[in-house]
Amino acid sequence: MKKSFYHYVLTFRGGDWDDNKVRFAESMFIDHGFPKMSEDFQELSDYIEMQSDEYLTADAFDSLWAMYELKFQ
């Protein structure tokens, strides 16, 4: 069964803070408006672009999305 992007990224929580994927996961977790059930790249990308969060970055998102796609192709 395919996980939502949100649930996949939660697996990065609690890691090394120097990793931008960990910072993204922690920031995403506390963002109550994050589209938790989405599997849609455009919806998630648009949401991240509209947020002004230093850790919820497009670079981290792109990296995580590529890993997510590989895992759930």
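A: Contact means heavy atoms within 4.5 Å. By that criterion Ser-27 touches Asp-53, Tyr-55 and Leu-56, with residues up to four places away in sequence not counted. This is a predicted model, in which local features need pLDDT of at least 70 and side-chain atom pairs count only at pLDDT 80 or more, while totals for chains, interfaces and linings use all residues. Residues are numbered from 1 along each chain as its sequence is written, and side-chain values use heavy atoms, with hydrogens and water left out.

Q: What makes Ser-27 count as buried?
A: Buried means under 20% relative accessible area, exposed means over 50%, and partly exposed lies in between (1.4 Å probe, protein chains only). Ser-27 has a relative accessibility of 6%, so it counts as buried. Its place is in helix α2, where helices (H or I, at least four residues) and strands (E, at least two) are DSSP runs numbered from the N terminus.

Q: How many helices and strands does the protein have, and what pattern do they follow along the sequence?
A: The secondary structure comprises four helices and zero strands, and reading along the sequence gives the pattern α-α-α-α.

Q: Why is the protein called as compact as a globular protein of its length?
A: The radius of gyration is taken over C-alpha atoms, and the globule rule is 2.2 Å times the number of residues to the power 0.38. For 73 residues the rule gives 11 Å, and the radius of gyration of the protein is 11 Å, close to that value, so the protein is as compact as a globular protein of that length. Along its principal axes, the C-alpha trace spans about 30 × 25 × 20 Å.

Q: What makes a set of residues a nonpolar core, and which residues have the most contacts inside the largest one?
A: A nonpolar core is a set of buried Ala, Val, Leu, Ile, Met, Phe, Trp, Tyr and Cys residues joined through side-chain atoms within 4.5 Å. The largest such core has 19 residues, and those with the most contacts inside it are Phe-5, Val-9, Phe-24, Met-28, Phe-34 and Phe-61. Helices α1 (5-9), α2 (20-30), α3 (41-50) and α4 (58-71) each supply at least two residues of this core, and the largest share, five residues, comes from α4. In soluble globular proteins, nonpolar side chains tend to be buried together.

Q: How do you know that Phe-34 is buried, and what does Phe-34 touch?
A: The relative accessible area of Phe-34 is 3%, so this residue is buried, although its place is in the loop between α2 and α3. Leaving out residues up to four places away in sequence, Phe-34 touches Phe-5, Tyr-6, Met-28, Leu-44, Tyr-47, Ile-48 and Leu-56. Met-28, with its neighbours within four places in sequence likewise set aside, is in contact with Tyr-6, Val-9, Leu-10, Phe-34 and Leu-56.

Q: Why is Tyr-8 counted as buried, and which residues does Tyr-8 touch?
A: Tyr-8 has 9% relative accessibility and therefore counts as buried; its place is in helix α1. Not counting residues up to four places away in sequence, Tyr-8 touches Lys-3, Leu-64, Met-67, Tyr-68, Lys-71 and Phe-72.

Q: What makes Lys-2 and Glu-43 count as partly exposed?
A: Lys-2, found in the segment before α1, has 38% relative accessibility and so counts as partly exposed. Glu-43, which lies in helix α3, has a relative accessible area of 40% and is therefore partly exposed. Leaving aside neighbours within four places in sequence, Lys-2 is in contact with Glu-39, Tyr-68 and Phe-72, whereas Glu-43 is in contact with Pro-35 and Ser-38.

Q: How far apart are Lys-2 and Phe-72 in sequence and in space?
A: Lys-2 and Phe-72 are 70 residues apart in sequence and 6.2 Å apart in space, C-alpha to C-alpha. Over the protein, residues 24 or more positions apart account for 56% of the contacts with a separation of 6 or more.

Q: Which share of the residues counts as buried, and how many side chains are positive or negative?
A: Of the 73 residues, 38% count as buried. Lys and Arg count as positive and Asp and Glu as negative, while His and the chain ends are not counted; the place of a charge is taken as NZ of Lys, CZ of Arg, CG of Asp or CD of Glu. On this basis the protein has 7 positive and 15 negative side chains, and the centres of the two sets lie 9 Å apart.
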